[in-house]
Amino acid sequence: MTANELIYAGKAKKLFTTDTPDVLWVEYLDQATALNGLKKDTVIGKGQLNNQITSRVFDYLTAKGIKHHFIKQESATEQTIQRLSIIPLEVVVRNVVAGSFAKRFGLEEGAKLAQPIVEFYYKKDELDDPFINDAHVLFLDVATETEIAELKAQALEINQVLIELFNQLGIQLVDFKLEFGRNQAGEIVLGDEISPDTCRLWDKETGDHLDKDVYRREIGGIVSVYEEVLRRLEQLEGEK
């Protein structure tokens, strides 16, 4: 299987058709972005790190029975996925006070939430992906009430599985962003990627950031941090 026609070029990935209609080819790019693209830099090696991290995380989700679009890693920077009709929502799950959540409520970062909180953001770059509630989702005709409940249930289930995974790596899963889509059968399944680009990860011993915040806040090197996450995933694989 090979990549054919380019159908999408985003901030961090390109998508191509393949000879199989319901399978897409993904190429991860050496590009770091933040603040909805206002901050952008070429970072050599980042694409292969995100691809390899995401591939391993999705393999872990497969073993735990989570439905998703990932098929297989094809090369250091490429993978194949199931074609989905993407739901234009970012589904954010928060376990710890941090980032925009802390700013919104005037709180210090670091406090553990009594229970995970699921939030929706409308995927519109020109609107800066605004925070919306269930009523807005219905008004925008993005998802039905039943689908909203399904998105929340899947997000919380994935959260528990990822907490389990990252705990084994000595990492605290602070919060993360998910995207979902409908497959050919109409089922809602997990899409996009799961990486330090989409997760806020803190070392459980030192509290050091192991995610894109090192780039967003200019507090460290993104490649060395992502390499550490990959190293821990590879180490975990070697122990099994």
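The second largest pocket of this predicted model has a volume of about 190 Å³. Residues are numbered from 1 along each chain as its sequence is written, and side-chain values use heavy atoms, leaving out hydrogens and water. Because the model is predicted, local features need pLDDT of at least 70 and side-chain atom pairs count only at pLDDT 80 or more, while totals for chains, interfaces and linings use all residues.

**Lining of the second largest pocket**
- The second largest pocket is lined by 13 residues, of which Asn 95, Lys 112, Ile 163, Gln 172 and Leu 173 are the closest to its centre.
- At least two lining residues come from each of β9 (89–96), β10 (112–122), α4 (145–168) and β12 (171–178), and β10 gives the largest share, with five residues.
- By residue class, the lining of the second largest pocket holds seven nonpolar, four polar and two charged residues.

- Asp 197 lies in the loop between β14 (188–190) and β15 (199–203), and Asp 197 is buried (under 20% relative accessible area, with a 1.4 Å probe and protein chains only), its own value being 14%.
- Leaving aside residues up to four places away in sequence, Asp 197 touches Lys 46, Asn 50, Lys 212 and Tyr 226, where contact means heavy atoms within 4.5 Å.

Note on methods. 1 Å grid on protein atoms, 1.4 Å probe; cavity = no way out; pocket = protein on both sides within 12 Å on 5 of 7 lines; lining within 4 Å. Points joined across faces, edges and corners; volume = space filled by probe spheres on them. Helix = DSSP H or I, 4+ residues; strand = E, 2+ residues; numbered from the N terminus. Nonpolar A, V, L, I, M, F, W, Y, C, P; charged D, E, K, R; others polar. Buried < 20%, exposed > 50% of the residue type's maximum accessible area, 1.4 Å probe, protein only.
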